[in-house]
Amino acid sequence: PVRLGLIDIYSGGFAFISNTIRTGFEIALEEANAAGGLNGRPFELVTADMGGQVEKAVTEARRMMLEEGIKFVTVGIHSGAAVAGSGLGKENKALVIGGFATTRRLTGESGHDFVGRANLSTVEIGRVMASYLKARPEIKRIATIAPDYEYGQQFTGDFIAALKEARPDIVVVR
């Protein structure tokens, strides 16, 4: 079989999101296998719970790549874990995809030939939001609220940078 790795947060508060990602993978692989797989080889999904810890994600990525020979690993929703795992991908010539990892660092300054993303980055999301505010001249002041980890920090910075370009007159009060 062609083995694919999926590392995500299957325990704790984010499990409901991670479980939907895993279900999507399972459906896609069932469809691909029903169509003959990859040149007759079936796909097989190998999952690991990182429990929200970057170190655990790196350990699982290392195990998948080195012990199980997996050459395609997706890190679900954790941006920091995807960035950390991407370094292993580069070392071991294994493709690491950030499933919903939005930090610009994944494919920006940390990018290389063995990393990719399956969604928009914080740069594009920030530009979309700034574009929305550009069309709302009645808005003069804003505050941002974001989680204090990789995604939230990168998103806030990218959004404010795009906002300064689109609407330099808006005051960011917090």
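This briefing describes helix 5 and the aromatic rings that it carries. The structure is a predicted model. Helix 5 covers residues 150-166 and includes tyrosine 151. Ring pairs join Tyr151, Phe155 and Phe159 into a cluster.

**Helix 5 and its surroundings**

- Helix 5 consists of 17 residues, and the distance from its first C-alpha to its last is 24 Å, close to the 24 Å expected at 1.5 Å a residue.
- The buried residues of helix 5 are Glu150, Gly152, Gln154, Phe155, Thr156, Asp158, Phe159, Ile160, Ala162 and Leu163.
- Two helices are among the elements that cover these buried residues, namely helix 3 (79-92) and helix 4 (122-134).
- The cover also includes two strands, strand 6 (141-142) and strand 7 (171-172).

**Tyrosine 151**

- Tyrosine 151 has a relative accessible area of 26%, which lies between the 20% limit for buried and the 50% limit for exposed, so this residue is classed as partly exposed.
- Leaving aside residues up to four places away in sequence, tyrosine 151 touches Ser79, Thr102 and Thr122.
- Methionine 64 is 87 residues from tyrosine 151 along the chain, and the C-alpha atoms of these two residues are separated by 25 Å.

**The aromatic pairs**

- The count of aromatic pairs comes to 2.
- In the pair formed by tyrosine 151 and phenylalanine 155, the ring centres are 5.9 Å apart and the planes meet at 15 degrees; the pair is stacked because this angle is under 30 degrees.
- Tyrosine 151 and phenylalanine 155 are 4 residues apart in helix 5, which means that about one helical turn separates them.
- Phenylalanine 155 also forms a stacked aromatic pair with phenylalanine 159, with 5.8 Å from centre to centre and 5 degrees between the planes.
- Phenylalanine 155 and phenylalanine 159 are likewise 4 residues apart in helix 5, so about one helical turn lies between them.

**Burial within the cluster**

- Phenylalanine 155 has a relative accessible area of 11%, and it counts as buried because this value is under 20%.

**A charge over a ring elsewhere in the chain**

- Arginine 22 lies over the face of tyrosine 10, at a distance of 4.1 Å from the ring centre.

Technical notes:
Residues numbered from 1 in each chain as written. Predicted model: local features only at pLDDT ≥ 70, side-chain atom pairs only at ≥ 80, totals over all residues. Heavy atoms only, no water. Buried < 20%, exposed > 50% of the residue type's maximum accessible area, 1.4 Å probe, protein only. Contact = heavy atoms within 4.5 Å. Expected span 1.5 Å × (residues − 1). Phe/Tyr/Trp six-rings, centres within 6.5 Å; stacked < 30°, edge-to-face > 60°. Lys NZ or Arg CZ within 6 Å of the ring centre and 35° of its normal.
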